[in-house]
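Keep the viewer open and try each task before you read its solution.

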Amino acid sequence: MEQQITISPVSECALLIRFSNSEPNCSLPSIIGAATEQLYNQLNHYIMNITPSVDSILVDYLPHRIGFKTLTSRIEQCIISIDENSLTSSQTHPLELPVYYHLDVGPDIKQYENKGITLAQLIEIHSQPIYTVVAIGFAPGFAFMKDVDTQLQLPRLSTPRLNVPKGSVAIAENYTAIYPNASPGGWNIIGNCPIELYQTDKEPMIPFKIGSKIKFTPIDRDTFFSLGGTIEGEFS
Amino acid sequence: MNNAVLQIIKPGPLSLIQDLGRFGVAQFGITQGGPLDEYAYSWANFLLGNQANLPCIEITLRQAEFKVGAKNAFAICGADLRATLDDEPINNWSSFVANKGQTIKFSLPKNGLRCYLAVFGGFKIEPQLGSCASVERDSLGGLTDGTPLQEGDCLQYHSLLANQYFEPKQLSFRFQPDYNLPVTLRVVESYQRALLPNHLVNWFYQTEFEVSTNINRMGYRLHGPSIEMPTITMESEGIALGSIQLPPDGQPIILLNDRQTIGGYPKIGCVSRVDLPRLAQAKPGQKVCFVKGQLDELQSDWAMWANYFGY
């Protein structure tokens with residue numbers, strides 16, 4: 001594997017694996033996703049939790065069962081054995097998620113209109129690319145997806161909203177995401193996805209993992225309602 | 001053993017079912033939860049001879065009241081909330097037998113903030129994703145979807161047999177922390193430490209911070225003199241328990257059990273696991289200082305703790 005990794009302790013019970021490579025590498029999210037699964041499978045007796053992110057993996061382990069040095073070499077072996085080629089070839093079709101783009105569910109569409117981008121253009125530019133999930137966090141099932149077209153990149157709101165409705169489709173910088181549940185949030189909201197994205201009683205609980213490919217499909221108001229969408233209007 | 005219930009007469013401001021936490025699901029953005037004071041939680045189970053991971057009630061602050069449905073042994077450890085059994089004081093850091101119809105009450109804190117109430121054999125709670133730890137934000141744990149205990153809720157446990165003897169225990173005073181003392185926290189330097197200028201690191205170790213009013217199970221925000229933070233651009237990364245974030249205003253935030261799993265603020269390192277309970281029991285206004293810790297030493301302290309309690 002071509003990836004350079006460094007592993008350093010962050011606390012008594014946690015270490016951070018950092019992936020560094022000089023050029024942008026499209027397969028990094030798939031490698032991080034695969035490494036997460038491999039580490040859970042192979043080092044289950046020593047590891048409590050694995051938190052993958054954009055270019056790193058945090059590992060919570062049990063220092064009374066394994067020393068840092070031994071664990072580090074086990075992790076290195078595990079990651080080296082990941083076959084990068086098999087990852088790219090096993091990629092399936094992107095997961096399609098329906099999105100209703102409308103001012104009723106996307107108050108920040110206004111910001112784009114102020115910049116001279118019409119709703120129709122916004123829909124086209126946002127729903128065209130295939131995005132890659134590069135991190136999951138902030139809230140359960142909240143997936144950071146890359147890359148948002150430069151025309152649509154906006155910074156986070158200077159004052160976050162106290163409530164963003166469930167299903168809100170959002171943009172911050174070069175990331176887009178869907179709020180799986182109502183929560184406070186500072187991203188720019190442009191639409192709503194009526195699909196459940198965090199169900200603790202389902203397997204899988206969330207329909208994507210790091211490295212997953214996502215595509216948004218624009219839907220009209222009737223389809224939105226028929227898929228269970230609601231217009232709560234509870235932005236605050 | 002017969003089924004019995006502990007009825008919640010008053011839950012107080014926040015009473016939560018907690019076990020050691022929810023692991024193996026951080027990759028979905030699900031937080032670990034678990035007792036903020038792992039030391040007190042562990043003693044509560046230990047004094048009853050329970051397994052290390054049995055669900056207890058974490059009682060925060062005051063005015064909680066529980067009615068005992070059938071005879072069993074209980075233990076209280078952690079904050080001193082002036083606990084009583086039928087209005088008779090119960091020693092903190094001890095186990096005791098309570099009979100059918102008796103009431104266990106907690107009132108205003110004398111020392112610390114959070115008290116753990118355990119029962120012999122544990123409360124019978126259906127785990128969600130491998131844990132009973134209540135995390136409302138993740139809709140997981142407790143009796144239903146992470147919600148705190150409500151008035152009228154009933155927690156099941158097995159009662160003692162009529163002729164079963166239980167010997168009450170009291171933890172030696174030497175092992176009982178005084179949570180009201182100023183807090184000194186040892187720090188494992190890590191994460192973005194190498195990117196921070198020396199004057200900032202010196203400031204961090206030389207400042208006496210104060211616990212702000214902005215404290216909860218996600219984290220503790222401290223208050224200190226203002227300082228200019230350098231701009232550090234970084235990707236979001238996994239946040240370990242006890243991580244010390246330095247946001248743009250330089251006021252440290254120490255992230256605890258219900259923290260978000262990833263974040264993009266620079267971190268100077270982590271508060272030692274052994275010292276975290278002291279922070280989690282600190283009240284607004286209490287003084288907090290940081291000292292640099294030695295990883296090897298802290299790790300072996302932690303390993304002793306983990307082995308002793310049987311994690």
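Chain A has 6 helices and 13 strands, where helices (H or I, at least four residues) and strands (E, at least two) are DSSP runs numbered from the N terminus. This is a predicted model, in which local features need pLDDT of at least 70 and side-chain atom pairs count only at pLDDT 80 or more, while totals for chains, interfaces and linings use all residues. Residues are numbered from 1 along each chain as its sequence is written, and chains are lettered from A and ligands numbered from 1 in the order in which they are written.

**Exercise 1.** Compare the radius of gyration of chain A with that of a compact globule.

*Solution.* Start with the rule: 2.2 Å times the number of residues to the power 0.38, with the radius taken over C-alpha atoms. For 236 residues a compact globule would come near 18 Å, and chain A has 19 Å, which agrees. Next, look at the box: along the principal axes, the C-alpha atoms of chain A fill roughly 55 × 35 × 30 Å.

**Exercise 2.** Decide whether Ala135(A) is buried or exposed, and list what it touches.

*Solution.* First locate Ala135(A): it sits in strand 6 (residues 131-136) of chain A. Then apply the cut-offs: a residue is buried if 20 or more other C-beta atoms lie within 10 Å of its own, exposed if 12 or fewer, and partly exposed in between, with C-beta atoms placed from the backbone. Ala135(A) is buried because 30 other C-beta atoms lie within 10 Å. Now turn to contacts, which require C-beta atoms, placed from the backbone, within 7 Å. Leaving out residues up to four places away in sequence, Ala135(A) touches Ser53(A), Val54(A), Phe144(A) and Ile210(A), along with Ser236(B) and Ile262(B).

Conventions:
Contact = placed C-beta atoms within 7 Å.
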